[in-house]
Amino acid sequence: MTRDTPFLSDADAARRFAAEVARTGPRLARLEFEALQADLLTPGSLSAPQLGLAAPAPGRFLTVAPPPAVPHALTVPLGRIAWVPRPEALPVIAIDIPALNEAEMAAALLRLLSEHHRAPFARFLFLSATPAPLPLLGRYGLAALCRGETPCATVAMAEEARFALSEARSLIDAAVLWRRAPPPAEDLP
Amino acid sequence: MTAGPLLLIGAEGDAGAQLLADDMAARGLYFTVADPSLPDADADPDADPPGGRLYADQDSFLAALISGTAAGGPVSVVLRRPGPLVDAAGWADGLLACARAADRRGDVRFLALTPEAAKAAADAGVPGAEVPAPLPGPAFDRRLIARVDAGEGLIRTPRGDLSLAAQNWARLRRRLRLVPDAGTGGDLADLAAFASRPLPSRALSPRPAGQPPVIVAVAMNGVGLGHVTRLLSISQELCRQSPGARVLFWCFSQASGLLAGAGFDVVQRLTARHLGCDYDDWIGWEAAAFRRFLCDHRADAVVVDAAEADPFITRALAAPDLGGTELILIRRALWPEGRDPALLETAQHCSLVLEPGDLAATRDAGPTATRHALLAGYAHVLTTPPVVLDPGTPPLTRAAARRALRLPPWSRRVVLVSLGGEELGADAPLLAEITTAAREARVGLLWAVSPLARAPAPHLVDPAALRRLYPLRPVLPGVDGLITACGYNSVHEALMGTDLPVLLAPKQHDQLDDQPARARHAAAEGLAMALLPETPADRLEVLRAFMADVRRGARTPRPAGENGAADMARLILAECAGTGAA
């Protein structure tokens, strides 16, 4: 090896980097998942923060009418508690979080997110009836919106094009709440 | 122009479409707007709008003919003169193609922005373009006169320059009469002439007198609560000063629950960073959704608290049907010296830039204090007193505050530690030094964690001593000292109208405000003690001195000062009513 030759060729460096990512990714996901578990088990982590201000009736969470379609759908993150080599290959599923008490919500989220950590099968867009879980889900890189009183299926339909949603399911029992319509027969090869 | 509901077709960003939309609105005509570059249900050729279609330029009409969307129903086409980059022969061919299509259809009417444009079309073989008669305007035209400098691509106002390309001309014409430089011809001269026609008073006050405004507040936070807090304070004042006013939040912060809890309707959004998606794709979606939201709610103003107005906002506000919606920027000063001054250029899109005052304003060495925007446009930049969140309830008694903190009424002296955002576990040595100094002084500690932040690891902070608190001010009567980070809200909440010992622990980061400057100012003025970054070795000694003050019950009376939220609300409401500083 002389001063003029690189220590590693570009291809070798890229291969080593990819291998390092493949080793480190799952380890980081494990650490994040352990932090999530601790967070979910901490009382108050899923409580809606109280302002203590002189507030009138609470405000509503509004849904925006779907705008004219823009060419490319947006990606949805896998979340920091899971790792796969190509997350973009996983479908995007909306997960409905109904209004639950803190313990029920924590238990249901732990069930789903444990499975997601162990064997990721989708990228999630959480659609929550209340804002309570948003801060916690956001801390771990999971996408979440508050839908308020608008039904999950309505919001999923409105967001289908923006996020390339394939279906919406209930957090409680995985029941299908909405599914993307199949393409018309004439569009099939 | 045709009366009745019609469809205006023109590209976003096209000044002609913007002016035509504004003109129709001033005439009280009902219309919708379509963008020929996007697939849109409004362009359904099987659903002809009753008032017909108005194409803002001949190219849009030709494109519709080719795509088959210019189906039945009356059509009006505005024949535009060429711009500087348009080939003259190609332009003339396009006009003739329109004329041939008009002959075939028999229901096409040609319009022009000016007599000169009509003559140019006639000379090219398409006579008879009508120029809409101007509306009557006020006896005295109060608009500033601005020069259109096509060579530099600028509009030069007495108050500052604007980029020619980045404006909504409907918004411009409310304030400016545009005079092109000598030698400027073609489409740009026509646009300037049309924009400078008399403006009826109802165009200047878009909402009927006495009708409360609709304001859309954009909260850009992803994690912290700084911007949300200021917007919340201002929004409460807006509703107090204008009963019936609606403030709707377009919220990227995970603190949306706090806003709904305060009684405001919220649209929850996700940033490109949240999603990890392509930023240009994200802007496309966000601008389209935001535009639709603003139109649906007929927003009088967009108020955004940030260093600059995000491009999705300015892109949405370039829509032809949003010329009557003002953009107001709430811009906290005290940027770090090295912050990019290009962020100041966002002022050219704004009618108002409001800066909440800072106790440390005299130490501001950042771009907002030392530089001027190159493209300031017609925006007024005004400073108000500091803005703090008003709980709207009487202050808690010491006993009530200690109950809220879950402290027994008889316990030893207690210091509340609030180090901001996600950072409570980030500086472990500092936490250890605070714990050491408190233990030595036999002072208890409570650790405040933002409602959005992860709790620190148990080995750093005793979980029994953690409290999720927001805002802090109501519970301060229940503690004997405060250690706080130096963000804008934290410092002003801690130092305005309080008397307990305060120790400031500033952070340094390019994306944050100049917290060390704020801490140095407070220390120099005797308002608080500070852990200054230039003397890290003294940290434990400063903490010991602070704890000694807490132990002996020291008090430092500080003036309450005025809450700038009231001034900000007044200025915003005046802008919405068309009577503002601009």
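Reply: Let's start with one term: contact means that heavy atoms lie within 4.5 Å. Among contacts in chain A between residues at least 6 apart in sequence, 69% join residues at least 24 apart. This is a predicted model, in which local features need pLDDT of at least 70 and side-chain atom pairs count only at pLDDT 80 or more, while totals for chains, interfaces and linings use all residues. Residues are numbered from 1 along each chain as its sequence is written, chains are lettered from A and ligands numbered from 1 in the order in which they are written, and side-chain values use heavy atoms, with hydrogens and water left out.

Me: How many helices and strands does chain A have?

Reply: Chain A has four helices and five strands, where helices (H or I, at least four residues) and strands (E, at least two) are DSSP runs numbered from the N terminus. Along the sequence, the pattern of chain A reads α-β-α-β-α-β-α-β-β.

Me: And in what order do the five strands form the sheet?

Reply: The sheet of chain A is open, with the order E3-E2-E1-E4-E5 and mixed pairing; two strands pair if DSSP finds at least two bridges between them. Its edge strands, each pairing on one side only, are E3 (143-146) and E5 (176-179) of chain A.

Me: In which sense do E1 and E4 of chain A pair?

Reply: Strand E1 (residues 92-97) and strand E4 (residues 165-170) of chain A pair in the parallel sense, over five bridges, and A:Ile95 stands opposite A:Arg169 in E4(A).

Me: Which strands does helix H2 of chain A touch?

Reply: Helix H2 (residues 102-118) of chain A packs on the sheet and touches E1 and strand E2 (123-128) of chain A, with its direction making about 170° with that of E2(A). Axes here are lines fitted to C-alpha atoms, for helices over the stretch in contact, and angles run from 0 to 180 degrees between N-to-C directions.

Me: Switching to chain B, why is helix H6 called largely enclosed?

Reply: Nine of the 10 residues of helix H6 (residues 186-195) of chain B are buried, so the helix is largely enclosed by the rest of the structure. Buried means under 20% relative accessible area, exposed over 50%, and partly exposed in between (1.4 Å probe, protein chains only).

Me: What covers those buried residues of H6(B)?

Reply: The cover includes helices H1 (15-26), H4 (115-123) and H5 (169-173), together with strands E6 (144-149) and E9 (176-180), of chain B.

Me: Back in chain A, how does A:Val21 count?

Reply: A:Val21 counts as partly exposed, because its relative accessibility is 34%, and A:Val21 lies in helix H1 (residues 10-41) of chain A.
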